[in-house]
Amino acid sequence: MKYTTCNDEDVSKLEVKPFYDDSSVNSLNIHFNNTEIEERENNEFAILKKIFNSYDIKASRIINPGCGTGYACSLATRLNLNYVGIDFSSQQIALANSLVNKNERIKFINDNFLNISNYLKNGDFVLIQFLLQFFLDKELDLIFKKISKNYKGYLFIEEGVSTLKNRIIIKDHDMKTGHFYNTQYRTIHDFLEIFSKYFFVLEYDFILQNIKTERIDTKYMYFVLKNF
């Protein structure tokens with residue numbers, strides 16, 4: 001796989017190829033009955049539990065934009081929290097609803113990440129997983145600006161980061177889902193620059209997991225943000 005360093009202007013010139021569009025949703029049931037995903041969930045749960053204890057978080061609900069097929073609702077269940085998943089793909093939302101037994105504490109909404117601030121209540125816990133790589137810096141600036149104006153609480157963000165000096169772009173990337181898309185991996189500095197503009201960055205660290213990947217120049221990281 002070929003990697004290319006890039007900047008926001010380079011990415012903006014690419015044809016828009018959203019990840020998980022409706023045309024490929026039938027091949028996307030990858031978040032269930034999968035040992036690698038189970039390992040990822042256990043790692044994420046351990047990190048979230050530690051964070052909730054460390055900062056004495058009293059949230060009653062997780063808001064999860066870019067929820068896809070609803071994988072993260074199990075994290076909310078294990079934390080005894082309500083869950084709201086948001087995704088722009090109507091077929092993904094339909095699939096999520098079909099995969100989760102009726103549960104009044106779990107809700108899925110068909111909408112765009114740009115509109116997340118419409119659903120936030122103070123005290124919610126925002127969970128954003130591997131979603132920011134599909135947005136330009138100027139889009140993220142707008143999103144986080146809107147969130148910071150309408151929400152007081154914690155954000156937990158998981159992303160792949162570039163271990164090089166510059167961000168990485170992968171064109172026509174295929175996650176074995178039958179759909180190709182463009183994505184970018186920012187550096188830690190890039191993320192901190194975006195986040196600290198509107199939030200306090202409480203901590204960040206690498207995520208220890210053994211999910212197989214061909215991305216030799218990227219690593220998984222989490223960031224904990226708070227708006228007071």
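Two strands are paired if DSSP finds at least two bridges between them; strands (E, at least two residues) and helices (H or I, at least four) are DSSP runs numbered from the N terminus. The model shown is predicted, so that local features need pLDDT of at least 70 and side-chain atom pairs count only at pLDDT 80 or more, while totals for chains, interfaces and linings use all residues. Residues are numbered from 1 along each chain as its sequence is written, and side-chain values use heavy atoms, with hydrogens and water left out.

**View 1. Strand β2 and its parallel partners.** β2 (residues 61–65) pairs in the parallel sense with strand β5 (residues 125–129) over two bridges, and Ile 63 stands opposite Val 126 of β5. With strand β3 (residues 82–87), β2 forms a parallel pairing over five bridges; here Asn 64 stands opposite Gly 85. β2, helix α3 (residues 73–78) and β3 make a right-handed β-α-β unit (with the strands pointing away from the viewer, the path from the first strand over the helix to the second runs clockwise).

**View 2. Side chains of β2.** Five of the five residues of β2 are buried (buried, under 20% relative accessible area; exposed, over 50%; partly exposed, in between; 1.4 Å probe, protein chains only). Arg 61, Ile 63 and Pro 65 point one way from the strand, and Ile 62 and Asn 64 point the other way.

**View 3. The largest nonpolar core.** This core has 32 residues, and those with the most contacts inside it are Ile 62, Tyr 83, Phe 108, Phe 125 and Phe 156 (a nonpolar core is a set of buried Ala, Val, Leu, Ile, Met, Phe, Trp, Tyr and Cys residues joined through side-chain atoms within 4.5 Å). Helix α2 (35–54) gives the most to this core, with six residues. Not counting residues up to four places away in sequence, Phe 125 touches residues including Leu 48, Phe 52, Ile 62 and Phe 156 (contact, heavy atoms within 4.5 Å).

**View 4. Gln 184 in strand β8.** Gln 184 lies in β8 (residues 180–185) and counts as buried because its relative accessibility is 1%. Its side chain reaches the backbone oxygen of Phe 135 at 3.2 Å.

**View 5. Loop residues with positive phi.** Asp 56, a residue other than glycine, has phi near 50° and is placed in the loop between α2 and β2. Asn 80, also not a glycine, has a positive phi of about 60°; Asn 80 lies in the loop between α3 and β3 and is exposed, with a relative accessible area of 54%.

Methods: A polar contact is a pair of N or O atoms within 3.5 Å; within protein, one must be able to donate a hydrogen and the other to accept it, and residues adjacent in sequence count only if both atoms are side-chain atoms.
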